[in-house]
Amino acid sequence: MKQIMSPTIEQCVSSNRRTFLKANAAGLGTMALSQLLSGTASASTHFQPKAKRIIYLFQSGGPAQQDLFDHKPLLREMNGQDLPPEIRGEQRLTGMSANQSSLPLAGSHFKFSRHGQSGAWLSELLPYHRDIVDDVCFIKSMHTEAINHDPAITMFQTGSQIAGRPSLGAWLSYGLGSENADLPAFVVLVTAGQGDQPLYARLWGSGFLDSKHQGVRLRAGEDPVLYLSNPNGVSASRRRAQLDTIRDLNQHQFNKEFDPEIESRIAQYEMAFRMQTSVPSVTDLSDEPESTFKLYGDDARQPGTFAANCLLARRLAERNVRFIQLYHQGWDQHSNLPRGIRGQAKETDQASAALIKDLKQRGLLEDTLVIWGGEFGRTSYSQGVLTNDNYGRDHHPRCFTTWMAGGGIKPGITYGATDEFGYNVVENGVHVHDFNATILHLLGIDHERLTYKYQGRRFRLTDVEGHILHDILA
Amino acid sequence: MINRTTLSLLLVSLVLPAKIANAAEPVDFNRDVRPILSDRCFVCHGPDAQRVEADLRLDLEEAAKEYAIVPGDPEGSEVFVRIASTDHDLRMPPVDSKLSLTDAEIDTIRRWIEQGANYEEHWAFQPLPESVPLPQVKENTWVRQPLDAFPLATLESQGLRPSPEAERWRWLRRVTFDLTGLPPTPEEIEAFENDTTDQAYDKVVERLLNSPQFGEQMAVAWLDAARYADSYGYQSDKLNTQWPYRDWVVRAFNSNLPYDQFLTWQLAGDLLENPTRDQRLATAFNRLHRLNNEGGAVFEEWRIENVADRVHTFGTAVLGLTMECARCHDHKYDPISQRDYYSLFAFFNSIDESGVYDRTEKVPCPSMLLPTPEQSKALEQAREQVKNAEAAYVQAIAAATKRFEECKNAASSSAENEIPDLRIALGFDRPFEDSIKDIYHPSALDRGWTTPVPLVPVTDCTVPALDPSLAADRDENATPARLALQLDGERGVTTHGIEPFDRWAPFSVVLTLRETQRSEHRSIIAHHTRGTDCGYNGWDLAIENGRLDVRLGREWPGNSISVRTIDPIPSDAWCQIAATYDGSSRADGLRLFLNGQPLKTETLRDELKKQANVKVDHGGEFVIGQRFRDRGFAGGLIDDARVYERALTAAELQHLATGAPLESTLEYYLSAVDEETRKAAAKLAEAREAFVMAEEAMVEIPIMRDTESPREAHILARGQYDAPTSAETRVTREVPAHVGPAFPEDAPRDRLGLARWVTQPDHPLTARVAVNRLWANFFGAGLVGTPENFGLQGEMPTHPELLDWLARDFIESGWDVKRFCRNVVLSATYRQSSVSTEQLREIDPINRLLARGPAYRLSAEQIRDLALAASDLLNPEQSGPPVSPYQPGEDLWRESNGMSPPYEQSVGEALYRRSLYSVWKRTAPLPNMMAFDTSTREVCTVRRDRTNTPLQALVLLNDVQFVEASRQLAATAIDQHRTDEARITHAFVSLTGREPDGTERRALTNLLNAEREFYRNHDDEAQKLISLGDSSPGDNVKPEELAALTTVCQAILNLDATIWKR
């Protein structure tokens, strides 16, 4: 066997360049202390970005496109008849409807009409959306592979069905850093008390990126960020005195050890202290005028509602938070869809539209990308027994609708189309990777060049796929 | 990253002015060239045979040198011409790959070709040398352990010197954390300071290696690799029962189980000769992957995921290779083809599993029970009782048989009402109405109400109709028509209050039915089960292609008994079918009858553990025609249905099916008539129930046990479970052809053989990977900076000979882990001071040269355990089910996951267990641990980040865990010491392992005085602060004193001096 040579210092360091860079990046003092709260908006992009930030209104569970956006009169006409086998093709079904003896088509119970100059179709479930159709681009031809919730939502948020990859927000934090010194680059807001399909930390996790890139969840209630408040009996002034002592002693330690990590830690403690003020100033809505609540609806007064979170999203956007991820659960209507979806629409319609209007009137819509959509669509046939006043819909990854608005998106258009059964894409299919590639593009990032080497491979949000949807760019 | 990278590159060039190419310097293929080829070229010109561009492979020397590389002639080598080209169309790598080569890299390739373009085998695939000579060093006196010679030689060759030896207290704190995960106590610190003997260091090491906390500390890294957690992950993320595996890992380290056996037990303990309980338990390693229970999950899809995860974990944890790539295509970088991947996959593919799980109570099979000694004893007693009851039953039969002979001709019965033990009979002869709703209701999804199915007249039926007087749903006032349920597959009827069928009690279900549509899918005729489509437990009767089958069990397939008829029942004809069960827990106790005649059956499964009908949500009633998310009996007609609490005899079933007089057979007499026998049978059922309940109390854990013949394995295109398979795609168990030695000829082709292959003394990877990971335990990073990847894209070792020497020494020592640890912590390399000079920081910021001692932040577990230990709150109890420490906010488990179990915080002592025992919920991990970079344990991880974030400050300042620990430390200090100075010193020593210096003492005293002043004037605030946490602050101390010192202790807890190992 050939002896492996001892490396020289140079070789040793350069052969470990990646680690070296990583360590340096973490040790450069205040400049690159932490993306989480980096105060320096020094990030540059591959090209001129159209959007500076994202508000992603994730509708978890899979909203039924046929009952909201994708008008399919044929389903009403053929209500109760079996889905033609040639339309279904080789499509796999979940174990939930695979055992059904028939697959009866279910027409939507909701009336559709056209709105705005663009003439976009909307169902009666979304009256407030009528005001924003000319600001929005509807993508009717979304599709994905996953048919179960967990892999499907993981795919949307991390570009892979497999756990362990960084989420979209983490990629952005990694790639672009933060523009706010006192708030995280990536904030997560979940509608409280919704139940239904679970959400997991993985969806806003950092995967193999440094954990500082993970989303920070803001919660309704006393402690918007876990561990944010001082313990009972510790006042702000006492905390300051304690922090001063910690700082002095850490500085003293640095003078003995010369480890730059100690300086970094000193800065982290200061940032933590600043967060204790900056976060409550975002979540405290008392400075909002009455007109705000008129716009977003009275729900917005109730912390933790979707409306309140939309309002918070606007406040975070004003403070230049890079990525604001909302989740609203409850769209998984396997049965009793007519009743269930009515409630869902009511909870989300007004505030979603209000957010667009509000951003627009503040001049923020130009450089804020807003996204509305779920992890897959629902079947045009009924899951379970179809009756005159009731039906359910199973998961359907083959086509569904999402919309985007603002930050570089062509307003007032509809992109892609499905067949008259609302079952297959017939025009301009948009895969999750295409969607994510386009999002990165709008932020000024070449999705093929935002990579991170892990386990010897260059990983990307878009794996080895992804085409930018140039047709929907303004 | 764009800006930062540029800046960092700039830094590198500032730091490394000498790195500019030196034409005379020989190019080393492994060190200099392969990383470039692998990283920039192999994607298109590498091992993935299906994706080779231009028919050119650069990973194979011969192929590369056909024309692309001409040794000695760069300008004549296509490779060099193309990478050096300025023409965008010619230049390699192509523009659209977004990859590029630097000028230095191009120059390296040029010089390599010039110097002859030698290829070498990748360093990590070269066999481990039989011996590794120690290098010559000048400063021999510095060397304390043979291993020291390697770093010293490197330093000397660079004109550098090792750092001075660390102060004693530093070494003591370092080694105590590294070997036990805990800080040294003030007493231990003092004892060591006072021990001036030559053996002082050795004695400490022996004490630590022999302490039970050694195993707890060592277990953490392996549990990350083994992706051990206490919940299943995915969607509802329910809790699992894997914790006995965690305890085994602790035991294995404490008993110093040699590493080769450590691996063998985990990979194949079940296949060893007469395996012990621990050897079987260790195989849970292969079952710790996540499991899904999402409604609608396709079982095979998830089963494939499970097997893939076993392969990936084996690859990363044992071989240090990334197998994931090869699941979908040949590996892009390493010589692992897709065929290699699935050949390895075949080893892990043959257990009798469903692929999913349903509920926590239903442990995925194959599994083993882990009784405590008391439970074993109770089970043995219950077994005795069953034996006795069986003997009594046999005796009763003998006696009754005599009686039967005597009065044989005395009586012959002929009426159905002489068939006792009827639980319910249903005629379905009139439309559903309110008066019936206490008996049954028209249903879908198991128990849900729906519109009734149509009733249709029964014609052409030779089976006698149910005696109307027996029908629970009869109409007293009308002459009944003979009608039948016309089932549609979605709807049926759900009865009320029929006790769950379970394995100890006999029962019979008798149905008059007609199958009008034959289906190739298993369709449920009737069932008494619970659970969901991810696993129904209890009893069901189904039909598939006309063949009946019946199942009774807790978990399909491995924990069930089941039989299926050989022949189909008549199609579209009325018949009576009956399913009986005798309470024996054996498959042959399940019988099927057609028109009173027993049907020939084959046994599908024959193993039962615990209760079959254990209570979980969904189901729980006797249902006909449908099941939640399952295929019902579409097109089936059901005339009458009867349930008996006894296994009916053939005579009775014949009577029911044909109307012929009930023949008074001996069997009938014993079962239905003779009171003594019936009493004995009831006693037997009772004894059997007690036996099952004795099992029910036991912990059960999934393990490995192969099916008798290996399940077929195939190459799956794109890794998809439903990829087409054929003889072409079929693979057999084999190890990768180009990695490691050949499969040992005399080894069995199973996981045991695989374990033998991987632990062969000349295996290039196993020992290198193991010592590298162990090394990282002490130095923060391995000698190979990518412990997860020893492949071509991984990093080169900083000290290749040291790695090989350690690996060889490890094997020679009998894979002795404790010995390895001892040698490291007693080495001069480890004993160096970690204080770094400016020069060292510049040339080697992360200590790859080992020119100083290790310094890095303690792990999440160590920080929490340190706080608990220093404050005397720590509860040292070992092993057992996970505990639930403080968690902030509302119930974080359920706040976004209504399907999750709730978080129930532990009470009392259990709050203060070591973090190893804290519950590990994969989708909602403990936030104070995650802030300090623990892994979610969703997949195998062999390296953790060590970040430095503001969230960490918030945790240490505001988490009740740390506030309470600070208060408790303050209380102890006040209790034991009288002066402020002594109290501060006590706290400081407990947390940092050393006494404070003058500056520190002054600063802390000032803080204490200021706090005291504040709390003296704010008594209520003091009271609030010291009341935090579940433990009591005691009432001996003035609140303001305790509050003030609490703040000081917490300040110390937050210092670099506390949370860093230096």
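**Basis of the description**

Two strands are treated as paired if DSSP finds at least two bridges between them. Helices (H or I, at least four residues) and strands (E, at least two) are DSSP runs, numbered from the N terminus.

This is a predicted model, in which local features need pLDDT of at least 70 and side-chain atom pairs count only at pLDDT 80 or more, whereas totals for chains, interfaces and linings use all residues. Residues are numbered from 1 along each chain as its sequence is written, and chains are lettered from A and ligands numbered from 1 in the order in which they are written.

**Chain A: overall form and confidence**

Chain A contains 13 helices and 17 strands. Along the principal axes, its C-alpha atoms occupy a box of roughly 80 × 75 × 40 Å.

Of the 474 residues in chain A, 60% are buried (20 or more other C-beta atoms within 10 Å of the residue's own; exposed means 12 or fewer, and partly exposed in between, with C-beta atoms placed from the backbone). Among contacts in chain A (C-beta atoms, placed from the backbone, within 7 Å) with a separation of 6 or more, 76% link residues 24 or more positions apart.

The average pLDDT (the predictor's confidence in each residue, from 0 to 100) of chain A is 87, and 91% of its residues score at least 70. Over residues 1-42 of chain A, pLDDT stays under 50, and the model has 98 contacts beyond four places in sequence for this stretch.

**Chain B: domains**

In chain B, domain 1 spans 20-120, domain 2 spans 416-660 and domain 3 spans 958-1061; such bounds come from an automatic or database domain assignment. The centres of domain 1 and domain 3 of chain B, taken over C-alpha atoms, are 63 Å apart.

**Chain B: the nine-stranded sheet**

Nine strands of chain B form an open sheet with antiparallel pairing, in the order S4-S3-S7-S17-S9-S10-S11-S12-S16. Strand S4 (448-449) and strand S16 (601-606) of chain B are the edge strands; each has a single partner strand, so one side of each lacks a neighbour in the sheet.

S4(B) is joined to strand S3 (residues 440-444) of chain B by two antiparallel bridges, with Trp449(B) of S4(B) opposite Ser443(B). S3(B) also pairs with S7(B) in the antiparallel sense, over five bridges; here His441(B) has Thr494(B) as its bridge partner.

Strand S7 (residues 491-495) of chain B is largely enclosed by the rest of the structure, because five of its five residues are buried. Two bridges connect S7(B) in antiparallel fashion to strand S17 (residues 623-624) of chain B, where Val623(B) is the bridge partner of Thr494(B).

Strand S10 (residues 535-544) of chain B runs antiparallel to S11(B), with seven bridges between them, and Trp539(B) is partnered by Leu552(B) in S11(B). These two strands form a hairpin with two residues between them, in which Asn545(B) takes a positive phi near 55°.

Strand S11 (residues 547-555) of chain B has eight of its nine residues buried, so it is largely enclosed by the rest of the structure. Six antiparallel bridges join S11(B) to strand S12 (residues 559-565) of chain B. Asn559(B) in S12(B) is the bridge partner of Glu555(B), and the S11(B)–S12(B) hairpin has three residues between its strands.

Notes. Contact = placed C-beta atoms within 7 Å.
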